[in-house]
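Open the model in your viewer and keep the selection panel at hand. The tour goes stop by stop.

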Protein chains: 2
Amino acid sequence: MAVLTPRATDFPRWYQDVLAKAELADNGPVRGTMVIRPYGYALWERMQADVDARIKAAGAVNAYFPLFIPESYLRREAEHVEGFSPELAVVTIGGGKELEEPVVVRPTSETVIGEYLAKWTQSYRDLPLLLNQWANVVRWELRPRLFLRSSEFLWQEGHTAHADEADAAAYARRIAREVYRDFLTDVLAIPVFVGAKTRRERFAGATNTVTCEGMMGDGKALQMATSHELGQNFARAFDIDFLGADGARHLAWTTSWGCSTRMVGGLIMAHGDDNGLRIPPRLAPTQVVVLPVRDDDAVVAAARELATALTAAGVRTQLDARPGLSFGRRVTDAEIKGIPVRVEVGPRDLAAGNATLARRDNSTKSPVALAEVSTRVPALLDEVQAALFAEALELRESRTADVGTLADAAAAAQTGFARIPWRLVGEEGEARLTQDALSIRCLQTPDGAVPAAGDQGDDLVALVARSY
Amino acid sequence: MAVLTPRATDFPRWYQDVLAKAELADNGPVRGTMVIRPYGYALWERMQADVDARIKAAGAVNAYFPLFIPESYLRREAEHVEGFSPELAVVTIGGGKELEEPVVVRPTSETVIGEYLAKWTQSYRDLPLLLNQWANVVRWELRPRLFLRSSEFLWQEGHTAHADEADAAAYARRIAREVYRDFLTDVLAIPVFVGAKTRRERFAGATNTVTCEGMMGDGKALQMATSHELGQNFARAFDIDFLGADGARHLAWTTSWGCSTRMVGGLIMAHGDDNGLRIPPRLAPTQVVVLPVRDDDAVVAAARELATALTAAGVRTQLDARPGLSFGRRVTDAEIKGIPVRVEVGPRDLAAGNATLARRDNSTKSPVALAEVSTRVPALLDEVQAALFAEALELRESRTADVGTLADAAAAAQTGFARIPWRLVGEEGEARLTQDALSIRCLQTPDGAVPAAGDQGDDLVALVARSY
């Protein structure tokens with residue numbers, strides 16, 4: 001029952017089909033906006049909770065800054081306004097009147113937060129000042145795509161001020177590693193390359209942008225989260241200065257970093273298969289669905305008992321005994337929604353004192369004694385989590401080629417990532433790649449580390465790919 | 001040390017002082033917008049988590065709908081557009097171009113959600129459809145006031161569709177009771193009158209608005225949450241219909257309900273005193289602060305040990321041993337921030353094997369053996385929670401008067417609430433009250449229940465007050 005377009009036939013169409021059939025999202029009425037449906041939102045909500053805990057563990061606290069930013073704020077940082085101007089939504093009427101100064105709907109909040117960092121940063125004792133906010137932002141999109149590129153999206157944006165450059169850089173990298181990379185690999189089961197953006201791809205106003213790049217099922221790259229060293233660019237524009245221990249005033253060094261609902265798109269494309277989503281168990285809002293094979297009292301009662309035992313064992317469990325829906329239909333639904341494990345119970349299972357455990361990731365089934373379901377399932381969920389990561393890593397390894405010429409990079413990037421010495425590309429080569437709809441996703445040092453701001457060293461390695 | 005204007009001197013000024021000194025919020029750069037600072041946001045975050053759990057327990061699921069609404073959507077429900085038009089922020093430029101149809105920044109989402117309820121409501125089996133979203137909304141404010149009335153605020157808005165009127169009404173009331181009233185009383189420790197708004201005060205487009213009205217420290221009322229029965233008004237405007245079990249198509253009945261960051265303002269004004277906030281323990285981000293009286297190694301070590309033991313006992317605890325800040329300064333800070341209990345340890349306490357427990361709500365202090373701190377504190381937090389509620393209830397009872405004439409109602413409402421038979425007021429009397437800046441906060445049946453939609457019965461009781 002091919003309810004979805006096969007990925008090999010048309011990957012973008014498959015993506016749209018999954019969004020619709022798994023009831024993840026819908027187009028909003030205003031071009032480029034998106035309605036996140038309950039199941040899509042449940043995925044985001046769990047991402048949010050996990051990332052939020054990691055951000056707090058890294059010492060930042062949540063706050064909230066206004067949606068509306070005076071247009072003049074954006075103009076204070078030259079590169080920033082140039083980067084964002086074409087994407088702005090502008091409010092010109094408020095309370096029935098033309099506004100004297102139009103206000104911009106935030107595309108990101110460096111400017112408005114900069115204004116307050118300046119207010120709150122008086123002495124070196126106030127530093128580092130580590131803030132985060134969960135918010136919606138708006139960037140007018142000409143070619144919108146649900147979750148991946150929408151005119152409005154949800155995200156967190158961290159904004160910090162530090163006494164010196166080294167502390168700012170170390171914190172931006174800590175966030176990239178301990179919040180983003182660890183979350184993406186340990187929870188979303190998506191391996192990522194962590195590196196620095198080239199000058200061309202850098203965030204508007206940053207001196208260094210650290211990025212986490214994942215590979216999707218079609219071999220394209222997706223930028224999944226970024227962390228920016230902003231140098232003193234915003235500190236200068238917004239007078240974020242402080243009285244140092246030396247009694248003199250100094251400009252602060254700032255950072256900003258974010259991840260968004262785009263990760264939902266990445267989750268779909270990194271793990272999805274021709275039967276639908278495959279959600280890693282650590283993220284899954286529902287880890288296990290218990291399915292009675294028949295609408296039969298004894299079977300449904302046994303299924304209900306299993307669901308209760310699983311819930312008691314700390315497994316996020318749902319019982320799907322919807323009347324009027326065939327077993328096959330309920331299985332298909334669980335598959336499309338990517339629920340990691342199904343526990344199926346039929347009269348024959350019951351007669352043998354068993355249930356059947358069905359894994360979503362590799363479609364294997366195995367019988368298990370009823371009494372052992374609630375101890376076996378947690379271990380099985382760990383296996384599924386590990387298997388999804390291993391599979392994604394294997395895909396990436398098999399589709400990443402080390403090459404020695406720009407032409408070979410362009411060829412390899414048609415199906416995956418090409419790794420090429422940066423000195424063989426350079427800014428001119430990079431410009432040429434864009435003509436083939438390719439880009440440098442990031443630069444790494446030879447040992448895979450993130451280059452420092454301004455590092456254009458001869459030994460850097462560039463990762464070339466098609467991308468979302 | 002009067003860091004705050006006394007409440008009796010100037011209540012609004014006291015409110016502003018608390019916002020600043022407790023570092024709760026600041027004005028945004030665009031008129032009427034607000035910056036919620038980390039401590040203010042921590043209060044909101046905890047409100048959010050608790051209300052969210054109650055909403056989920058009531059069966060609703062979270063989703064997210066776009067910030068931008070086509071102007072034409074608002075016009076489909078006549079009362080609704082009339083109610084909200086004067087407060088709208090309108091985007092006329094997007095992506096550098098004048099938009100063909102201006103879009104409105106959502107003041108509330110009945111219209112855009114109505115469009116999707118219509119799509120998703122096909123058969124009676126799809127009903128009830130119970131959605132909620134956490135979002136920012138914008139209503140241009142001419143007289144903004146942080147948390148109470150800001151041009152942008154954060155809230156949740158629930159939107160549901162039902163097969164019949166009784167089910168819709170029952171659900172709207174269930175939300176008012178089990179989510180709002182229970183949260184406000186059990187967590188925020190604020191007693192509320194639950195009643196129905198008069199036609200004049202009703203939500204634009206509703207057939208019945210159920211409200212929770214709290215009394216603030218100055219005797220004014222604050223509308224803390226509302227739940228609306230929308231009849232078939234939005235169902236008609238957005239074609240929310242369904243195929244009934246009878247094979248015919250029927251219009252659905254919808255509800256909407258919300259509570260917002262305004263509750264933070266209510267929390268401040270219901271419990272705050274001349275020394276600052278008083279946060280009920282169940283809400284408090286920090287329930288206990290442990291304060292070493294002196295910067296002395298043995299004392300700080302003992303304080304640290306107590307903080308560890310309290311944290312282990314499940315108490316949200318902070319150690320405040322900031323060097324360079326006197327004990328008095330740290331006490332004042334804990335008082336302003338309203339931390340329910342302080343555990344103070346000095347050399348003399350230590351010598352006696354004791355610590356001192358200081359309650360924020362009534363300023364009493366008592367010694368406790370060091371070994372008993374972590375068992376005594378949880379019980380003490382419960383006492384503080386109950387005492388704050390009792391005090392708020394006593395204030396309300398002492399300032400609520402039963403009266404028999406409109407003149408007496410107007411007089412009593414200068415300092416609190418007046419309860420008067422609705423038949424002695426009527427819509428004409430209500431109009432007169434507004435000339436004295438008074439309003440009917442809600443109508444109740446004689447036994448304190450919520451009147452049904454359209455109930456104008458002679459036995460209803462009106463609650464008159466000044467309000468925020």
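Contact here means heavy atoms within 4.5 Å. This is a predicted model: local features need pLDDT of at least 70, side-chain atom pairs count only at pLDDT 80 or more, and totals for chains, interfaces and linings use all residues. Residues are numbered from 1 along each chain as its sequence is written, chains are lettered from A and ligands numbered from 1 in the order in which they are written, and side-chain values use heavy atoms, with hydrogens and water left out.

**Stop 1: the interface**

Select chain A and chain B. How many residues of chain B are in contact with chain A? The number is 50, and they touch 50 residues of chain A.

Next comes buried area, the accessible area (1.4 Å probe) that two parts lose on being put together, summed over both. Between chain B and chain A it is about 4000 Å². Carbon and sulfur atoms give 65% of that area. Now pick Pro29(B), Tyr64(B) and Phe68(B). These three supply 16% of the area that chain B buries against chain A, more than any other three residues.

A salt bridge is a side-chain nitrogen of Lys or Arg within 4 Å of a carboxyl oxygen of Asp or Glu. The count between the two chains is 4.

Helices (H or I, at least four residues) and strands (E, at least two) are DSSP runs, numbered from the N terminus. On the side of chain B that touches chain A, strand β5 (residues 89-94) gives the most, with 6 residues. That side divides into 33 nonpolar, 9 polar and 8 charged residues. Ala, Val, Leu, Ile, Met, Phe, Trp, Tyr, Cys and Pro count as nonpolar, Asp, Glu, Lys and Arg as charged, and the others, Gly among them, as polar.

**Stop 2: strands across the chains**

Show β5 in both chains. Two strands pair if DSSP finds at least two bridges between them. β5(A), residues 89-94, and β5(B) pair in the antiparallel sense over 5 bridges. Zoom in on Ile93(A): it stands opposite Val90(B).

**Stop 3: Glu45(B)**

Select Glu45(B), in helix α2 (residues 38-57) of chain B. Buried means under 20% relative accessible area, exposed over 50%, partly exposed in between (1.4 Å probe, protein chains only). Glu45(B) is partly exposed, at 22%. Leaving aside neighbours within four places in sequence, Glu45(B) is in contact with Asp52(A), Lys56(A) and Asn62(A). With Lys56(A) it forms a salt bridge, the closest N and O atoms being 3.3 Å apart.

**Stop 4: Asn62(B)**

Move to Asn62(B), in strand β3 (residues 61-62) of chain B. Is Asn62(B) buried or exposed? It counts as buried, at 3% relative accessibility.

A polar contact is a pair of N or O atoms within 3.5 Å; within protein, one must be able to donate a hydrogen and the other to accept it, and residues adjacent in sequence count only if both atoms are side-chain atoms. The side chain of Asn62(B) makes one with the side chain of Asp52(B), at 2.9 Å. Another, also 2.9 Å, joins it to the side chain of Asn132(B). Beyond four places in sequence, the residues that Asn62(B) contacts include Pro38(A), Tyr41(A) and Glu45(A).

**Stop 5: strand β15(B)**

Select residues 288-292 of chain B, strand β15. Here 5 of the 5 residues are buried, so the strand is largely enclosed by the rest of the structure. In a regular strand the side chains alternate between the two faces of the sheet. Val288(B), Val290(B) and Pro292(B) point one way; Val289(B) and Leu291(B) point the other. Val288(B) stands opposite Thr317(B).

**Stop 6: backbone details**

Which peptide bond of chain A is cis? The one from Leu127(A) to Pro128(A), with omega near -5°. Pro128(A) lies in the loop between α5 (110-120) and β7 (129-138). In chain B, a cis peptide bond joins Leu127(B) and Pro128(B), with omega about -5°.

Finish at Phe147(A), in the loop between β7 and β8 (152-162) of chain A. Its phi is positive, about 70°, although it is not a glycine. Phe147(A) is buried, with a relative accessible area of 1%.
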